[in-house]
Amino acid sequence: MSWKFERQQAFEENDSSWRALKRGQWEESVRLLERERDGIERAVRCDRERESPFRRVRVVEWPLSAYVQWELHAFRVQARAGKEIRIVDADRVRALEAAGPLPEVVVLGGQVLYRVLYTEAGVPDGAVRYRDPELIARWEGFIRELYGEGEDVLPYFERRVAPLPPPDVGNAVSGGSARDLVQAGSISGGVHFHGASVEKASSRVRPRQLPGSVRGFVNRVQELRRLDGMASGAVCVIAGTAGAGKTSLALHWAHRVQGDFPDGQLYVNLRGYDPGEPVSAQEALQRFLAALGVPAGAVPADTDAAAALYRSMLADHRVLVVLDNAASVAQVRPLLPGSPGSLVVVTSRGRLSGLAVRDGAERITLGVLPEAEAVQLLRSVTAGYRAEDDEEKLLALARLCARLPLALRIAAERAASHPHMELDELIGDLRDESALWDALSTGDEQDAEAVRSVFAWSYRALAVDAARMFRLLGMHPGPEFGPGAVAALAGVGARRGRQLLDVLVGAHLLEQTAPERFEFHDLLRAYAMDQSRLEETAAGRAAALERVLDWYLHTADAARKWISPTSRPPELGAPAEGVEPLSFGDYDRAVDWAEREHANLGAAVRAAEKAGLDRHAWHLAALFRSAQAPSAPVGDWVAAGEIGLRAVRRLGEQEGEAALLESLGFAYRRLNRLTDSMDLHRESLRIRQALGARRGEASALNALGLVLLQRRQLDEAEERFEQVIEISRELGEEHGEAVAWGNLATVHLEAGRLAEAERGIGLALGVHRRRGSKRSAGNVLQLQSTLHLERGEVTRAREVAQEAMDIAWELRDAVLEGYWLLALGAAQHAQEELAQALESYQRSAVIQRRLGDRSREARAWQGAGSVYRSLGRRAEAAGFHRRAAAVHRELGDGWQQARALDGLAAALSPEDAEQAREHWRDAARLLGSYDDARAVGLRERIEQRLAGG
């Protein structure tokens, strides 16, 4: 058993106290904790003391992080069991922080808070205990608020780790001002909310994202001096050839000066030269904004808008930003803070001249190390593992490595792991490898060939199984991977896979970036891909790819059973031999996996198409949608869905084609591409009717009805939903019938037919509650809330809307949350809870922007405008209504445009009566296209206003 597996096993077994805690057995939890402590401490000591060539690898750091989590869990259990909890002293805080920065506040058992104190230099300096019941209550309310804003607060409850709440979370509208919640202005690109979620985030989060500094960093004295001389607000580009140590220099300096940037340090690897896809500016902005405390739902989908929010978050702050491995100016420019207090360091193989010309960037160009520094680097890595090696021999080894730091470190690691082998022998092996590369190369890229020689030298020193694992990893579809996918790729068991990963990390051929997450340096990934093509047969490569795709496919299906339990997956069959897919014990673990593997699932679909594996391509596309994390933007899936559709059509599998047509139709509807959505659903219906697939026919009719409903073609939508009810009854499909009743109730409610809507709501909600269909029940509850409002039952409307929101938060589903917040905001407005209503509309708008649903975002603006009218702040109300009307006009939604124009006219009247009348005339004209009772009633009311002068 490997040393790492023993350690991991100890941590995986440490949750028995948590299970006892959940049963309410406090004393038993404490007893189990003491038993578990021994195993965990033993594993940590083992990491520290084990004489192993792997003990210097960064992977050793993460057990201490797990140990910190266990400590916090222990505090919580002991607090709940009434045990006395000691103050954490400065030395203990420093020891725990060896695994990474501690949170500012630790909440223990809902009773006690510890706030870790830091000196001005950022050194932990003890902790303070709080016993203020009001502070505890504020913390709990603050966590609920964060949850409502779309932030994942599960870790706060499981580990009791959280930021301190802001000093005042009271009613922001007291005194008649809602400025802190929502502002509308003349802002290019739309109305931006700069409210509670963003401002609180900026005040409470200090990101510390720097990866660990490289051990044994040597000299680069001149370059470090130039970096030290950089002024605040500057941009510095560290350029140089591959393997020159650009990242090592940037991180070494960043760690040295991080105390000068008290508001935090941001880091992203842009993967500009990776064989796979680079990280886009939008993706990097999403990561940075999340690190700055912006809830996932509040990150705009538009890059310009996200960059504007990012700059706003960093204004008046001192933050160090490290942008690693950039390939182009386009990747970098949106990530520049633009504030004088922050500093940006960019690493790139290119010169990025555009940054110098337009942004005033300074450039530091790294060459190879001077000979003395190259020898010094070799000595620093091998110190303690080999006897003092001869200077001339070390110099010869350095020259063979072209004095490039990456190659030098790999060579030194091999020398350190063979302490009894003469250096002459190692040099001879490397010379042989170098001669081979010289014979094969043109000589145009001497440095690159030297690096490849070192790669080959280190690779050929691996045991057979480790070498095979290395080259197969070059075929992995995505840029990073976990042990499960790795084991499947190589066709080995999970334990053996972890052992081989340890070997590769120890040889510096692979990097561990987080617990159970690994990635290549881009050069090493390219080398691994080359070796797989050279040494694996075509059949062997195909089998490996099919295994890893099978692992993603079947693990995604396991996640789907929790995330979308009512969805109908394709028939998969058994996974390939040797593939061990994951299973999930609960909903949250399934969602965690879906979020973590989101990029890899998209990459797997593309890899399947490229390899001609059409069945894998369409199965993966279908499951990627139904196993997608609920908060993932729908646009991320569309490209995969289109690949899957092409693949299933090549196979001629019509039922699969109909299913993907329907899925794409739903995605297009979410993106407000209603004509495209209608066309796809009609094609899906045609196929299913031709096949005689009645269940699929009902599903397609329901999808068509939803598009017609969004177009406000209410009679046609009603007809489709009635057809679905009829077919579902025929098939005994209770869930499908209940869904159709809920949708039919929406039609009736929109048409003002309240009694019929009430009947449909009652039928649908009863079935969904009995079946435990939370998502479907929540949809009906938000509808029921609107019905109560129509009848003036304001208190009940508020209660029902809150019940729906609780479901959305439990499911961690931003789509549902953003939509149902509209109902909650309306109920809060009716109850004159104006601050809460504004916050609900704010959260809805920012979530919809991130998801790319412009129609619902505009509806949230309408709601905010209506609240501002109630506050008597007509100018701001007009701003929201005006922007909403413009978006609805652009989307061709005459009904919602008319409602927004009505609100705009009401906001402008009586100060600008003529402008108000013009907007009412436009609204009346638009409403003439609709003949339902609600539209007719609104048109008549507007005409009365116009007639009244």
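Modeller: One term before we start: a helix crossing is left-handed if the near helix is turned anticlockwise from the far one by less than a right angle, and right-handed if clockwise.

Colleague: Fine. What sort of model is this?

Modeller: This is a predicted model, in which local features need pLDDT of at least 70 and side-chain atom pairs count only at pLDDT 80 or more, while totals for chains, interfaces and linings use all residues. Residues are numbered from 1 along each chain as its sequence is written, and side-chain values use heavy atoms, with hydrogens and water left out.

Colleague: How many helices and strands does the protein chain have?

Modeller: The protein chain has 43 helices and 12 strands. Helices (H or I, at least four residues) and strands (E, at least two) are DSSP runs, numbered from the N terminus.

Colleague: And what share of the residues is buried?

Modeller: 56% of the 949 residues are buried. Buried means under 20% relative accessible area, exposed over 50% and partly exposed in between, with a 1.4 Å probe and protein chains only.

Colleague: Which helices pass each other in a left-handed crossing?

Modeller: Helix 34 passes helix 35 that way. Axes are lines fitted to C-alpha atoms, for helices over the stretch in contact, and angles run from 0 to 180 degrees between N-to-C directions.

Colleague: Which residues of helix 34 and helix 35 make the contact?

Modeller: Helix 34 gives L754, E758, I761, A764, L765, H768 and R769, and helix 35 gives S776, A777, V780, L781, L783, Q784, L787 and E790. Contact means heavy atoms within 4.5 Å.

Colleague: How do helix 40 and helix 41 cross?

Modeller: The axes of helix 40 and helix 41 (residues 894-908) come within 8 Å and cross at roughly 160°. That makes helix 40 roughly antiparallel to helix 41, and their crossing is left-handed. Residues in the contact include H881 and H888 of helix 40 and A900, G903 and L904 of helix 41.

Colleague: On H881, what does it touch?

Modeller: Not counting residues up to four places away in sequence, H881 touches Q862, G865, S866, R869, A900, G903 and L904. H881 is found in helix 40 (residues 874-891) and is buried, with a relative accessible area of 3%.

Colleague: Switching to rings. How many aromatic pairs does a search of the whole structure find?

Modeller: The search finds 11. Rings of Phe, Tyr and Trp (its six-membered ring) pair if their centres lie within 6.5 Å; planes under 30 degrees apart count as stacked, over 60 as edge-to-face and the rest as tilted. One of the pairs is F288 with Y310, stacked at 5.8 Å centre to centre and 25° between the planes. F288 is in helix 11 (residues 281-291) and Y310 in helix 12 (residues 303-314), 22 residues apart.

Colleague: Are F288 and Y310 buried or exposed?

Modeller: F288 is buried, at a relative accessible area of 0%, and Y310 is buried at 0%. W551 and Y552 also pair: their ring centres are 5.0 Å apart and their planes at 80°, so that pair is edge-to-face.

Colleague: Which residues do ring pairs link into a cluster?

Modeller: Y459, F470, F481, F520 and Y527. F470 is also among the buried residues of helix 20. Helix 20 (residues 464-473) has 7 of its 10 residues buried, so it is largely enclosed by the rest of the structure.

Colleague: Where does the charged end of R318 sit?

Modeller: R318 has its charged end over the ring of F261, 5.5 Å from the ring centre. R673 lies over the face of Y668, at 3.9 Å. A charge sits over a ring if NZ of Lys or CZ of Arg is within 6 Å of the ring centre and within 35 degrees of the ring normal.

Colleague: Last one: what is the phi of R271, and of R712?

Modeller: R271 has a positive phi, near 50°, and R712 has one near 60°. Most residues other than glycine have a negative phi. R271 lies in the loop between strand 6 (265-269) and helix 11, and is buried at 10% relative accessibility. R712 lies in the loop between helix 31 (694-710) and helix 32 (714-731), and is buried at 7%.

Technical notes. Angles under 35 degrees count as roughly parallel, over 145 as roughly antiparallel, 65 to 115 as roughly perpendicular and the rest as oblique.
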